[in-house]
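Dear colleague,

Please find below the structure that I am handing over to you. My findings follow directly after it.

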Amino acid sequence: MVAKDVELSLPPGARYALIGPNGAGKTTLINLITGMLPPDGGHVLLGEEDVTGLEPAQRVKRGLARTFQMNTLFPRLSPLEAATLAVCERRGVATTWWRGLGAYRGEVDEAYGILCSLALDAVCHRPTCELPYGQQRLLEIALALATRPRVLLLDEPAAGVPRDESAGLFAAVAGLSQDLTVLFIEHDMNVVFRFASRVIVMVGGQILVEGTPSEIAADRRVQEIYLGGGRRG
Amino acid sequence: MGAAGTAADPRHELASRARWRGLEAAFWLAALSPFLLFPSHLQLASQIAITALFALSLDLLLGYAGIVSLGHAAFFGVGAYAAGLLAKGGWGEPLSGLAVAGAAAGLAGYAASFIVARVRHLALIMVTLGLGLLVHEAANKAHWLTGGADGLQGVRMWPLLGRFRFDLYGYTAYGYSLVVLALAFLVVRRLVHSPFGLSLRGIRENPVRMPALGAPSRSHIRKAYAIAAVLAGIAGALLAQTTETVSLATLDFQRSAEVLVILILGGAGRLYGSLVGAVIFLVARDQFSGLNPQYWYFWLGALLVLVVMVLPNGVLGGLARLADARPSSGGRPAPSPGGRGIVGRLARLAPSRRDRTS
Amino acid sequence: MLVPVVGVLFDGFAYGMLLFLLSVGLSVTLGMMNFVNLAHCSFAMLGGYVMITLTQTLGWPFLAALPAAFAAAAAASVLLERALYRRLYRASDLDQCLLTIGIVFMSVAAAAYVYGTTQQPIETPPYLRGAVTWLGLRLGVYRLFLIATALAITLVLVLALEYTRFGAQVRAAVDNQRMARGLGIDVDRRFAITFALGSGLAGLGGALAIEMVGLDPVFAFTYLVYVLIVVSVGGLGSIGGSFAAATLLGVSDVAGKYYVPELGAFLIYLVMVGLLMWRPAGLFGRR
């Protein structure tokens, strides 16, 4: 049993953080919500709509996007190509074959705009595999944003990003639109405290407790889980 | 905003890849040279053009969408038999025969695509191999239709456009094949630089990410597979029409394997790789045709091993690395041989080599 | 008519056991490293030709030559693994396919050059010829020998996998390679050993196959298709799966040839494609 009896609701515009020790089932939860894993029971509702029976791609079309904990990018495509791909798919023009990409001004401009907002414009023509790790993490977010989601699930956006590159990442997360509902998994407590309005703690596949960051920091059980309360909050 | 310049810049870079280059014009001009320089080898030239078209169709699948198919000859054969049977039945008009063959192969491809689009890795290899073997076996057994091991007899073609007869000299054959190849090439070239082409490359680079972008990958693959089947069928029809025979060899595993070798030799995912590979392979085979067939297979095997170990991006890839000036990568060399991926997988994303965490 | 049915089942099972010996190595190594080794049957062919040379030319006894065939194939695989395969563990499916197809071409050409293109005759020892009668059925002695050998090997394999440390490590590596490495298991070395064993078994299978299905230079291709069917239908990394799939394929093939010869191999291919549609990871596969 990797995730059990999880009941979760995210109000619009929320900034929720999902924390918990490794193996607690956080990524599994995201896989269940996005449809990559079928649930044994229960429902996933997006707004008023029950999306439990829908495939992942269909859920994305309805506004549910995610990023991956391990970079899941297109190595030999450039960021601009990748973002344009995402925009074309969203706009439904991805099956047209008789006009070159250069003719799709709107799509390319939109993709470029997203890259600019994440400070990736300077490298937008280089193959993704040549980008430094921090910028690849940003591209992860850019691709998710290109689908114009209503709900965004970020799986450890700061994972592995070195200190000197994390500023850009924080700026990106801070800059996310207020209409967007965001749930992010994080281990880095700095990120959690800066951006989360509410924190959910998951342990052993179940939700242990939910509350504001200060409430969670003060919670005895949470302190025990994180190695005997040694952490800064 | 960005320091890269005006908003016209990003499109400029993408559009520039689709522009025709001088080298391409030179290539097509050179393709006319057999008429003048090698008039006694026009039949061979025609074979090369046909094989190039076949390889091009596979490149769309393999080089651009990342689908490894060990049974692509099935569509070549379907096209060949369709055109042959039509001519045998009394309608020997070449162009309409081409259309019918393309449609037949396309239909077969579309049907098969429902199976192919749902599997990956070993299952994909096996399914494509299995389908190829199935079609070959069916053609073998149905000798009332196909002539079985003896091949199709009685294929008589009418003159092309009412004027150009198919004869032993091969002028018509080569002209016909070359024009069809060129037209097909134009179509594929357009496709590859379009949003659909970009989607296919996305599927190749990371099939997991595509659904996360809302992309209907399976639908894209089905379309690509059907288009590739149409082109392969047209190539098969060309063979049937220019040689006025059809045999089981158009369908067998050897043909599927050979076209794979040709594509890899020239370089997959590079359009011209299929053409270059066809030229090299068929010219070489013609030169060595006097030899014991065992020698041919031995050196073919050795060549394959060599290409994989040393020149993983084929001849064109090797040349590109030498030239070291590919606009798409901003002047940087392509990724190293060990990491090249036609079928991209999560563990092989280049970032994981620099991954600081696991 | 019970007798023909039982006869078909018996022959089919024997053929299945042969296919199992030929396939089990590939299934495990594919499951461990995902390395698509299409040259697997070249090792089988090597075992067969070594067998021929030893027994026919050098006059070795049959039972002594069998382990030699195993050893020769295993040794050849070690050489190949060191020289070429090891560099391509992280390459794409396609690269691995092409490299190994190239090796198959070379092996087929070499075999034809050295031994000629005709079927190789082999003289089995007198105690393995003929048939025994049991409960009114005539059972070929050679086939009984084959079945017994295969079952014995299966038992050894299963016991080794379940009860030895090496076996546990192999199972771990098949299950989750990254995790296994993380636990400190030297997966590459385990793989090299498993690969040698698997290729050796293929060589043994090739040696045993001569009497039943013959040996010629295209053996490496002909049986590759069957082996791939067994592996993909049975599921990667699964000995039980390979056993079941091999039995299924062996019986289907023999039954098909006996009852509906007009269909030929068509039925086999159709069943395979159908099975893969239903279960892409194979009957017992996990992925």
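How many residues of chain B are in contact with chain C, and with how many residues of chain C? There are 35 on chain B, in contact with 39 on chain C; two residues are in contact if their C-beta atoms, placed from the backbone, lie within 7 Å.

Please note that this is a predicted model, in which local features need pLDDT of at least 70, side-chain atom pairs count only at pLDDT 80 or more, and totals for chains, interfaces and linings use all residues. Residues are numbered from 1 along each chain as its sequence is written, while chains are lettered from A and ligands numbered from 1 in the order in which they are written.

**Chain contacts**

On the side of chain B that touches chain C, α7 (121-141), α13 (253-266) and α15 (293-310) of chain B each supply at least two residues. Helices (H or I, at least four residues) and strands (E, at least two) are DSSP runs, numbered from the N terminus. The most residues, 13, come from α7(B). By class, this side of chain B holds 25 nonpolar, 6 polar and 4 charged residues; Ala, Val, Leu, Ile, Met, Phe, Trp, Tyr, Cys and Pro count as nonpolar, Asp, Glu, Lys and Arg as charged, and the others, Gly among them, as polar.

Of the 2 pairs of chains that touch, chains A and B have the most contacts. Chains A and C do not touch, and their nearest C-alpha atoms are 14 Å apart.

**Strand β5 of chain A**

Strand β5 (residues 151-155) of chain A is largely enclosed by the rest of the structure, because 5 of its 5 residues are buried (20 or more other C-beta atoms within 10 Å of the residue's own, all placed from the backbone). A:Val151, A:Leu153 and A:Asp155 lie on one side, with A:Leu152 and A:Leu154 on the other.

β5(A) pairs in the parallel sense with strand β4 (residues 64-66) of chain A over 3 bridges; pairing requires at least two DSSP bridges between the strands. Here A:Leu64 stands opposite A:Val151. β5(A) also runs parallel to strand β6 (residues 181-185) of chain A, joined to it by 5 bridges, and A:Thr181 is the bridge partner of A:Val151 in β6(A).

Yours sincerely

Methods: Buried ≥ 20, exposed ≤ 12 C-beta atoms within 10 Å, placed from the backbone.
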